Amino acid sequence: MAKVKPARWGKIVDLNKCVGCHACSVACVAENKIKHGKHRTRIVEHEEGTFPNVYRYTEKWSCNHCQNAPCVDACPTEASHYTEWGTVEVKPELCIGCGYCVLACPYRVRMMNDRRDGGLPEKCTLCIHRLEKGEKPACETTCIAGAIITGNLDDPHSEINEWMAKGAVERRPDLLTHPNVFIIPYRR
Amino acid sequence: MEHLFTWNYLIAIYLFTAGLSSGSAIVGAIGDILENMDDRIKRLATYLAPFPVMLGLVALVADLHRPWYFYKVLINYHITSVMSWGAFFLLVFPIIAVIFAVMVYFNYKGILRKLFAWLELVLGLAIGIYAGLLLAAIYNNPVWSNPLIAFLFFVSAISTGICMIILGGKLWDQVEGLIRKIIPGRFLPEVRLLNLDHQAIRSLIGVDAVIIIVELMVISTLIISYMLRPTGDVALGAFITGGYYLSFWIVVVLSGLCLPLLLGIMELRDRFTHRTNVIVSWVEPVLVIIGGFMLRWVVVYGGQLVYPILTYYK
């Protein structure tokens with residue numbers, strides 16, 4: 001397996017393809033051995049429009065790996081840090097488990113583990129341990145609709161940049177967090 | 001939904017005890033710098049300042065999900081984190097406050113006394129403001145990310161600190177009797193009776209009444225400031241029109257601010273006979289302290305109650 005060099009990696013979720021089957025949540029739990037009741041990624045259901053023109057769609061919701069991350073700014077011990085993959089991770093040896101990053105995250109994607117399970121904040125790592133080996137993240141490999149793509153945002157010829165051209169947008173751009181994870185918004 | 005509340009009542013206890021220490025330290029330090037305050041009030045304020053925040057620090061460590069790693073926050077500092085600044089102030093404040101209290105107790109009158117009085121004033125202000133700023137720095141929370149929360153907590157800190165001095169003035173002499181049994185007599189200065197008489201309590205209640213009026217003004221300004229924001233309905237739903245609104249309006253505003261203010265004004269206008277003085281000297285400070293604690297409780301829980309609603313808002 002070819003060793004992949006670190007670069008600014010990102011993810012795009014196409015909400016037009018997402019069917020809300022929760023397979024990504026379950027695959028993530030299985031891959032990362034997450035404790036019962038906790039999730040790194042989950043499905044959020046949106047209901048929009050006014051009666052009778054209403055519609056609903058689902059969205060995969062997980063860490064956006066912001067380049068200007070509120071959780072990294074909030075962390076008192078620099079345990080939350082930027083990695084060379086463009087992601088945000090927690091150093092277990094520095095974390096005190098104060099929960100400030102969980103509250104500081106404007107997307108509310110972090111979740112505290114219980115004390116008996118280590119007490120670390122649980123968050124998406126973009127499956128760096130798989131990316132290093134040249135594999136895709138667990139959520140992407142299991143997605144039945146092909147709604148998720150992970151790739152190198154710096155490489156102009158990568159497939160993720162083709163998806164970017166299809167109209168991918170940041171979540172909550174008003175927060176100025178500049179995420180590396182994008183969505184293609186739902187269109188009726 | 002058990003993960004909804006990341007922070008629980010221990011954080012409310014910490015915010016409250018930090019406020020008690022802050023208010024008490026500011027009163028004591030100002031009294032020492034200006035040198036025209038009642039000597040008993042100054043001494044009581046200085047003696048009481050270090051202890052509530054120590055209890056708060058225990059609560060803060062107990063709230064951590066990895067409590068045995070708490071020392072790492074004292075080793076690794078991160079300049080952009082409000083909590084990191086607070087950890088530094090909370091490390092330094094109890095040390096300075098204990099040294100200053102010892103200086104005052106033994107009537108030390110050297111050059112360092114002025115320095116420590118100023119340090120106590122600055123650190124008292126710092127931990128008083130930090131308590132609210134910790135919440136105000138979370139900028140996507142519609143309830144917490146309001147500078148008036150920090151100001152409200154600070155004003156409430158001074159108010160509850162003064163009430164702690166009133167209660168301490170009623171109990172200090174028994175505590176000092178215990179201290180004198182532990183420490184040999186030749187190391188101790190002459191006995192100073194710090195039991196506050198009614199005139200001293202009356203002056204403290206007068207100051208407290210003014211601060212309570214300021215606090216009521218801050219609360220009304222806070223509500224208007226919520227209303228003016230696009231997230232106003234969500235923020236008001238946390239503890240003003242919904243959620244914890246009963247605790248807020250009844251315990252905090254009615255019995256924690258309005259009733260003590262009424263009692264204070266009646267006391268200053270001499271409406272109490274000598275036999276009913278117990279109402280102002282016990283009931284008034286206890287009501288303010290309960291109200292101050294419930295204010296922290298309501299804000300800490302209310303802020304987390306509304307939090308996920310805004311997250312799903314696009």
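Guide: Buried means under 20% relative accessible area, exposed over 50%, partly exposed in between (1.4 Å probe, protein chains only). B:Gln304 has a relative accessible area of 0%, so this residue counts as buried. The model is predicted, so local features need pLDDT of at least 70 and side-chain atom pairs 80 or more, while totals for chains, interfaces and linings use all residues. Residues count from 1 along each chain as written, chains are lettered from A and ligands numbered from 1 in written order, and side-chain values use heavy atoms, without hydrogens or water.

B:Gln304 sits in helix 11 (residues 277-305) of chain B; helices are DSSP runs of H or I, at least four residues, numbered from the N terminus.

Now the wider contact. Chain B puts 36 residues against 44 of chain A. On the chain B side, helix 3 (50-63), helix 4 (72-75), helix 5 (82-105) and helix 12 (307-311) each give two or more residues.

Over all chains, the salt bridge count is 18. One of them joins B:Arg40 and B:Asp197, at 3.4 Å, N to O. B:Arg40 lies in helix 2 (residues 39-48) and B:Asp197 in the loop between helix 7 (147-182) and helix 8 (198-227), 157 residues apart. B:Arg40 is buried because its relative accessible area is 19%. B:Asp197, at 35%, is partly exposed.

Conventions: Contact means heavy atoms within 4.5 Å. A salt bridge is a side-chain nitrogen of Lys or Arg within 4 Å of a carboxyl oxygen of Asp or Glu.
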